[in-house]
Amino acid sequence: MRSARPISLLLLATLLLATPAAAHHRQTPTILALTTSGDTPLPRVPAQGKKTLTLAVPVGPNKRIIGVDVFKDPDTPIVVETTGDNGNPAISFTGTSYAWDTTADPLDLGLPGRQVVLSLNGNLLPVSNDPTGTSQNPSLDTVGLRVAFESQGDLANTGNPPGTSQVFLRNPDGSITQVSQGVGSARNPVVSAKRRQLAFESTSDPDTGVDTGVSQIWLGTIVGFGTPIALTDGQGPSRNASIGDDGRLVVFESTADLAGTGADTGVPQIFMYDTKSQTYARITNDAGGCTMPAAAKVKRDWRIAFVCGGQPFFYMLREDQRYRVQTDAGSVTQRVVGELGIHFVALSTTSNLLGSGTTAGKQVYLVNLYKRPPQPVATVPATWFPTRGINPL
């Protein structure tokens, strides 16, 4: 494992000035293993809050949905669901509500395939009630009253054609609204913890609604149900949107040259959209490509995390500096996210962070950046377009 190089004075000062009252960065171990066996990915939707995250952990033939309060009692997970093929868990900002998709039937509704269910303050509620059994990939609002998810069913009686995935929203009264538009497939919704925004990907043309076959990132709202707008218009697909914990940044990956001609490069890079200035930035320009972005506010800056070549990195947006989270060079990281406060990142990796070498499956760790500083790496500053929307520090 490579030795850590000194952290930049600017980033160190930012971290120290933003010390939380609970001083978790001082009390929490350098590395906290949240799983120790099997092969556990980090969820598609990062945790919104600062205390609790959720995982789908393989246990025999099942995948157990758990919550982990990493600063209070990380060794005693909250068991939410134990039976069946459960996946894609999401947790509310409050840490008291969970949603996931499953092939089990915990409510004995007799519905087929995959359904989305909700645990709202400990009470299990149906979400999708989907006769096609194709509902998956949920995301929650701040308290868990609204659940966005995707399905191929005509759940809102809009005439959605069979086999076409659309994005739906379960409202607090249990009714279902279709958020996506057109006849193209829409997938992977994510709801922001603040500002009530909803991002997803869709292949529908924003003007005609026809299926273009190329997914673009769209941004809408979970309140008022105004028409979502397409944020991208590239010749290559844009995917895997994530909204920062303060609701300002939308990050995503795209193979399109969005900062240039829009042509499909075939190589995914990480991009960012600032909802305030309505400007964009290409965060990476790596020959091998980068995927799975996530964003988190860090005092006066934003940390945009991603994976390139199986290694975990993050980019400090205003500092214009890239960092590598310390892992074994021969390991493979599935995802890294800036969950649980400014001093911490969570990652799922084969790097044995409590020892050396690699593990058979990917384990989930919480890394204390205060005690294990990230490594600054040679950085090409982000390319902003049409102008720089957020000033450097």
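R388 is partly exposed, with a relative accessible area of 29%. Its salt-bridge partner is D320, at 3.0 Å from N to O. D320 is buried, at 19% relative accessible area. The model is predicted.

**Salt bridges**

- The whole structure holds eight salt bridges.
- The D320 and R388 side chains form one of them. D320 sits in the loop between β23 (311-316) and β24 (321-324), and R388 in the segment after β29 (383-385), so this pair ties together parts 68 residues apart in sequence.
- D320 counts as buried because its relative accessible area, 19%, falls under the 20% cut-off.
- R114 and D101 form another salt bridge, with their closest N and O atoms 2.7 Å apart. The pair links distant parts of the chain, 13 residues apart: R114 lies in the loop between β6 (97-102) and β7 (115-120), and D101 in strand β6.
- Both R114 and D101 are buried.
- D85, D101 and R114 belong to one network, joined by salt bridges that share partners.
- D141 and R146 meet through their side chains in a salt bridge of 3.8 Å, N to O. D141 is buried, with a relative accessible area of 7%.

**Sheet β9-β10-β11-β12**

- Four strands make up this open sheet, in the order β9-β10-β11-β12, with antiparallel pairing.
- The edges are β9 (136-140) and β12 (176-178); each has a single partner strand, so one side of each lacks a neighbour in the sheet.
- From one strand to the next, the twist averages 25°.
- β11 (residues 166-170) pairs with β12 in the antiparallel sense over three bridges. Here R170 stands opposite I176 in β12.

**Sheet β1-β27-β26-β25**

- This open sheet also has four strands, ordered β1-β27-β26-β25, and its pairing is antiparallel.
- β1 (31-33) and β25 (333-337) stand at the edges with a single partner strand each, so one side of each is left without a neighbour in the sheet.
- The twist averages 25° from one strand to the next.
- β26 (residues 344-351) and β27 (residues 358-368) run antiparallel and are joined by seven bridges. A346 faces L366 in β27 across this pairing.

**Cavities**

- There are three cavities of 30 Å³ or more.
- The largest cavity contains about 180 Å³ of space. Its lining has 21 residues, with P46, A47, I243, D245 and A295 nearest the centre.
- β13 (186-191), β17 (238-243) and β21 (290-298) each supply at least two residues of the largest cavity's lining. β21 gives the most, with three residues.
- The lining of the largest cavity divides into 12 nonpolar, six polar and three charged residues.
- The second largest cavity contains about 110 Å³ of space. It is lined by 16 residues, of which D105, L109, L111, Q115 and V117 lie nearest its centre.
- β7 provides the largest share of the second largest cavity's lining, three residues.
- By class, the second largest cavity's lining has nine nonpolar, six polar and one charged residues.

Key:
Residues are numbered from 1 along each chain as its sequence is written. This is a predicted model: local features need pLDDT of at least 70, side-chain atom pairs count only at pLDDT 80 or more; totals for chains, interfaces and linings use all residues. Side-chain values use heavy atoms; hydrogens and water are left out. Two strands pair if DSSP finds at least two bridges between them. Axes are lines fitted to C-alpha atoms, for helices over the stretch in contact, and angles run from 0 to 180 degrees between N-to-C directions. A salt bridge is a side-chain nitrogen of Lys or Arg within 4 Å of a carboxyl oxygen of Asp or Glu. Buried means under 20% relative accessible area, exposed over 50%, partly exposed in between (1.4 Å probe, protein chains only). On a 1 Å grid over the protein atoms alone, a cavity is a set of points where a 1.4 Å probe fits but cannot get out, and a pocket is an open set with protein on both sides within 12 Å along at least five of seven lines; lining residues have an atom within 4 Å of a point. Grid points are joined across faces, edges and corners, and a volume is the space filled by probe spheres set on the points. Ala, Val, Leu, Ile, Met, Phe, Trp, Tyr, Cys and Pro count as nonpolar, Asp, Glu, Lys and Arg as charged, and the others, Gly among them, as polar.
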